[in-house]
Amino acid sequence: MSEFPEVDLTVLPQTYEQIIPESYLDEMGHVNVAWYSHLFSEGIKGLFGKMGAGVSIVKERAIGGFALESHIRYFKEVHLGDRI
């Protein structure tokens, strides 16, 4: 039995989409952990945009948010060519 319950992620709003390029891979052929952080950042930027706090508002009002701490849990590895 998995520690985590199955979650239907398709019900969540799509905030970012990308196909994983070869440049994201490390020497062992896995997506480098730094890119997971980058992809999270792009998704959050898209989420803020959907909530009315997009890049233009951040620049105009000189406000914003950031993550003080983050944790990456790998439920499924991302591979070259995957659409995320």
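Q: Which residues is G54 in contact with, leaving aside its neighbours within four places in sequence?
A: In this predicted model, G54 touches F48 and G49. Contact here means heavy atoms within 4.5 Å. G54 itself is found in the loop between α1 and α2.

Q: Is G54 called buried or exposed, and what makes it so?
A: The relative accessible area of G54 is 17%. Buried means under 20%, so G54 counts as buried.

Q: How far is G54 from G64 in sequence and in space?
A: The two glycines, G54 and G64, are 10 residues apart in sequence, and their C-alpha atoms are 9.3 Å apart in space.

Q: What makes I57 partly exposed?
A: I57 lies in helix α2, and its relative accessibility is 22%. Buried would need a value under 20% and exposed one over 50%, so I57 falls in between and counts as partly exposed.

Q: Which residues does I57 contact, leaving aside its neighbours within four places in sequence?
A: The contacts of I57 are G52, A62 and I63. For a sense of distance, take I19: I57 and I19 are 38 residues apart along the chain, and 28 Å separates their C-alpha atoms.

Q: What is noted about the phi angle of A62?
A: Phi of A62 is near 55°, which is a positive value in a residue other than glycine. You can find A62 in the segment after α2, the helix that runs over 55–61.

Q: Why is A62 called exposed?
A: A62 has a relative accessibility of 71%. The cut-off for exposed is over 50%, so A62 counts as exposed.

Q: How do you know that R83 and E17 form a salt bridge?
A: Their side chains meet at 3.0 Å, N to O. A salt bridge needs a side-chain nitrogen of Lys or Arg within 4 Å of a carboxyl oxygen of Asp or Glu, so R83 and E17 qualify. In general, side chains of opposite charge can pair when their charged atoms come close.

Q: What parts of the chain does the pair of R83 and E17 link?
A: This pair links distant parts of the chain, with R83 in the segment after α2 and E17 in the segment before α1, 66 residues apart.

Q: Why do R83 and E17 get the labels they do for accessibility?
A: R83 has 57% relative accessibility, and E17 has 40%. Exposed means over 50%, and partly exposed is the range between buried and exposed. So R83 counts as exposed, whereas E17 counts as partly exposed.

Q: Which residues does E42 contact, leaving aside its neighbours within four places in sequence?
A: E42 is in contact with T15 and Y16. E42 and T15 are 27 residues apart in sequence, with 8.1 Å between their C-alpha atoms.

Q: Which residues make up the largest nonpolar core?
A: The core has 6 residues: I20, Y24, V31, Y36, L39 and V78. Leaving aside neighbours within four places in sequence, V31 is in contact with I20, Y24, L25, Y36 and V78.

Q: How do you know that the chain is more spread out than a compact globule?
A: The chain has 2 helices and 0 strands. Its radius of gyration is 15 Å, while the globule rule gives 12 Å for 84 residues; the value is well over the rule, so the chain is more spread out than a compact globule. Buried residues make up 12% of the 84 residues.

Technical notes: Residues numbered from 1 in each chain as written. Predicted model: local features only at pLDDT ≥ 70, side-chain atom pairs only at ≥ 80, totals over all residues. Heavy atoms only, no water. Helix = DSSP H or I, 4+ residues; strand = E, 2+ residues; numbered from the N terminus. Rg over C-alpha atoms; globule rule 2.2 N^0.38 Å. Buried < 20%, exposed > 50% of the residue type's maximum accessible area, 1.4 Å probe, protein only. Core = buried A, V, L, I, M, F, W, Y, C linked by side-chain atoms within 4.5 Å.
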